Structures are given as structure tokens and as C-alpha cells.
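User: I would like to learn how to read the features of a structure one at a time. Please take me through some cases.

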Amino acid sequence: MVEVNRKTRVLEGVLPEAIPYDRLMREETPTILKGVARDWPLTRKGLESPDAAMNYMLHFYQGRPVVGYTCAPELKGRYFYNQDVSGLNFQRDRVQLDYFLDLIRDEIGHPDARSYYIGSTDADLYLPGFREENDLVLNNPMFESNPLVVSVWIGNRTTATAHYDMSNNMACCIVGQRRFTLFPPEQIANLYPGPLEPTPGGQVVSMVDFQNPDFEQHPRFADALRNAEVADLEPGDVLFYPALWWHHVEALSDFNTLVNYWWNTSPGYIDTPQNTLLHGLLSLRDRPDQEKRAWKALFDYYVFGPADLAGAHLPEHAKGDLAPMDEAGARRLRAKLLQRLNR
């Protein structure tokens with residue numbers, strides 16, 4: 001098992017209605033907001049017993065099938081690839097939530113329990129009314145103009161292998177205990193990312209086995225650990241971490257529930273950079289090194305430098321695609337790209 005000495009920053013005494021969203025976004029530092037969700041009804045039910053928490057959640061359930069994942073006992077909850085990376089090591093089924101919770105309930109206390117896991121599940125769609133009683137106070141203007149996705153995660157002892165999300169995250173540990181091992185985005189090479197697809201949960205994951213790392217096969221992982229930090233969460237703790245931070249998530253109790261909030265601050269008409277990455281593989285990666293260096297200079301100028309730099313010396317009517325992006329400009333540029341890609 002890996003050991004990380006650096007602990008994630010903790011803010012104590014934060015009131016639910018006074019989450020410092022502006023500070024969190026400005027500092028871009030993973031932060032535990034200690035006990036901010038301790039008074040949620042589900043948190044209190046979970047402190048009573050797993051049964052109380054399960055029964056409380058089923059109060060909101062309307063019968064829509066959820067996606068349940070099952071992992072064999074010998075895999076110890078690590079949802080990953082099979083031996084030769086030709087497929088995945090778990091079973092995926094559409095199930096009724098009450099049935100799946102019964103499976104989890106039956107395994108509580110068993111040292112060789114099968115692993116059961118319900119991944120990112122839309123809270124409003126599958127548990128209507130839940131957020132009326134269990135919700136963060138989203139009193140910052142950025143939530144008025146940016147889409148917010150609120151998801152529920154349910155299971156027993158499970159591990160989500162290190163991966164990144166393209167959104168900012170507020171992860172609320174509601175039932176059970178969780179451990180997040182966090183890495184800044186620039187550690188990507190030291191985490192040995194796996195295939196772009198298929199993936200265990202929709203995002204690229206690290207190929208390193210955190211329980212038993214092979215430093216001969218993955219020597220740079222030692223550098224990643226020197227730059228990592230650990231967030232140990234109790235029921236009611238909320239963890240903020242910025243978009244694109246890698247996170248390895250271990251659910252440590254016989255029954256666990258997490259609620260997370262994903263959001264971006266870019267306008268909805270801005271395309272996902274993941275598409276740009278795929279196009280970069282198609283158009284740039286295998287060019288000669290000298291060409292790649294030249295294209296890197298062009299990207300630094302047009303894309304990664306100040307947004308207004310490339311068009312600053314041009315009159316407004318001549319800026320074209322170099323003008324500040326708006327919805328109409330995004331539509332025009334997208335149409336141009338589609339036309340060129342379809343040639």
C-alpha cells in the first residue's frame with residue numbers, strides 16, 4: 001500500500017451557508033471543509049446504522065433502474081481491467097436500487113464480501129426530493145450561470161482507481177469513511193495512464209496498483225507520491241478539488257454514500273478540450289519533432305497565452321476567429337471544423 005505524508009488542507013468551523021467558494025476557486029487548492037454536511041438527514045441516518053441510511057434513501061426512490069457494478073471478492077473492490085487489459089474485471093447490470101442495497105446489506109461484516117458499487121447516479125433523476133433535504137448551499141453567482149451535476153455514489157468497500165475529471169468537484173462524504181489520494185495535473189506521466197478506451201468509469205485511469213505498486217514497472221510513480229496528498233474524510237466532511245486533479249478514491253466502510261457536485265466556469269458553448277486532445281493525436285503527435293516544436297510555439301501563442309494576445313494588434317472587424325469567443329462565434333468555428341474534418 002502506498003504511503004503519502006502530505007495531508008490535504010482542512011478548514012474548520014465553516015458554516016453551511018458560508019462556504020468560501022470564491023477563495024476555493026481562486027486558490028485552486030484541494031481543501032476539506034470539515035463537517036459542513038454533518039447535519040444532513042442522510043448523514044445522521046448513516047451514523048445510526050447502514051440500515052437506517054439505506055431505508056432513508058429508498059424513501060426517495062421511484063423504481064427507475066440504476067447501473068450496478070459487482071466485483072469478485074479476490075479483487076478487493078478494485079474496479080479495473082482484467083489480467084491482459086483486454087476488458088474490464090467487473091460485471092455491469094441495470095438493477096433496482098432496493099435489490100442492490102439488499103446485496104450490500106447481506107455482505108456487511110463479511111471479510112470476503114463481494115464488492116458492490118453504484119457509480120455516478122443523477123440525484124434528481126433517481127432520488128427525486130433527496131436534495132430538498134440534503135444539499136449544499138449553492139449561494140455563489142457562478143452556479144447561476146454554469147450547469148451543475150449532482151451525483152450519488154453508493155457501495156461497500158470499493159476503489160475508484162486514480163483518474164481525473166474535467167470539472168471542479170465538491171465531494172461530500174455522507175455515509176462511511178473515504179480516502180482521497182490527490183495528485184496535481186502535471187503528475188500525469190508519473191501515474192502511467194491507461195487506454196483512452198475502454199475505461200472502468202468513463203475516464204482514463206492510472207495503471208498503477210496503489211495497494212501493491214510495482215516500482216520496477218512504474219518507477220516514476222515514486223515521483224508522483226512525493227507530490228501527492230491524502231484527504232481522509234469522515235461523515236459530513238466535504239472535499240473540494242479543482243478540475244483535472246487526479247484522485248484515487250477508497251471507500252473504507254461496509255456501507256458508503258458520497259454525493260458530489262461537478263461544475264465548470266466556462267460557458268456551455270465552449271467545446272470540451274478532450275475532443276481537442278483526440279484531434280491532436282490525429283494531427284500532431286506523429287509529426288517530426290521539429291514540426292511539433294514549431295506547432296507548440298503556435299499553440300502557446302494562439303491558445304495557451306493570454307486570450308486576447310493574438311488579436312490585440314488587429315482592428316475589430318479583422319479579428320475573425322481571434323475575437324473573444326461567444327455563442328455565435330463558437331457555432332461558426334464548429335461548423336468550419338466539421339466541414340474540414342468531413343473532407
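Analyst: Let us begin with a single residue. Val 152 lies in strand 7. This is a predicted model, and the values that follow are computed from it.

User: Is Val 152 buried or exposed?

Analyst: The cut-off for buried is under 20% relative accessible area. Val 152 has 2% relative accessibility, so Val 152 counts as buried.

User: Which residues does Val 152 touch, beyond those up to four places away in sequence?

Analyst: Val 152 touches Ile 118, Gly 119, Ser 120, Thr 121, Ala 123 and Leu 127, and also Thr 257, Leu 258 and Val 259. Now take a pair for distance. Val 152 and Asn 227 are 75 residues apart in sequence, and their C-alpha atoms are 29 Å apart in space.

User: Now a helix. Why do residues three or four places apart in an α-helix point the same way?

Analyst: An α-helix has 3.6 residues a turn, so residues at that spacing point the same way. Now the case here. Helix 4 spans residues 97-107, and its buried residues are Leu 97, Phe 100, Leu 101, Ile 104 and Glu 107. These residues cover an arc of only 120° around the axis, which puts them on the same side of helix 4.

User: What is Phe 255 in contact with, leaving aside neighbours within four places in sequence?

Analyst: Its contacts include Pro 50, Ala 53, Met 54 and Met 57. Leu 101, Ile 104 and Ile 154 are also among them. Recall that Leu 101 and Ile 104 are buried residues of helix 4.

User: How many aromatic pairs are there?

Analyst: Check the ring centres, then the angle between planes. The count comes to 20 aromatic pairs. Tyr 56 and Phe 60 form an edge-to-face pair, 5.1 Å centre to centre with 80° between the planes. Tyr 56 is buried at 11% relative accessibility, and Phe 60 is buried at 5%. The rings of Tyr 301 and Tyr 302 have centres 4.9 Å apart and planes at 80°, so this pair is edge-to-face. Tyr 301 is partly exposed at 31%, and Tyr 302 is partly exposed at 47%.

User: Which residues form an aromatic cluster?

Analyst: Tyr 69, Tyr 79, Phe 90, Tyr 117, Trp 153 and Trp 262 form one.

User: Which rings have a charged end over them?

Analyst: The charged end of Arg 78 sits over the ring of Phe 80, 3.7 Å from its centre. Arg 64 has its charged end over the ring of Tyr 126, 5.8 Å from the centre.

User: One last feature. What does the side chain of Thr 8 make a polar contact with?

Analyst: Thr 8 is in the segment before strand 1 (9-11). Thr 8 is buried, with a relative accessible area of 5%. Its side chain makes a polar contact with the side chain of Glu 229, at 2.8 Å. Thr 8 also touches other residues, including Pro 30, Ile 32, Leu 182 and Leu 239.

How values were computed:
Residues numbered from 1 in each chain as written. Predicted model: local features only at pLDDT ≥ 70, side-chain atom pairs only at ≥ 80, totals over all residues. Heavy atoms only, no water. Buried < 20%, exposed > 50% of the residue type's maximum accessible area, 1.4 Å probe, protein only. Helix = DSSP H or I, 4+ residues; strand = E, 2+ residues; numbered from the N terminus. Arc of directions from axis to C-beta. Phe/Tyr/Trp six-rings, centres within 6.5 Å; stacked < 30°, edge-to-face > 60°. Lys NZ or Arg CZ within 6 Å of the ring centre and 35° of its normal. Contact = heavy atoms within 4.5 Å. Polar contact = N/O pair within 3.5 Å; in protein donor to acceptor, adjacent residues only side chain to side chain.
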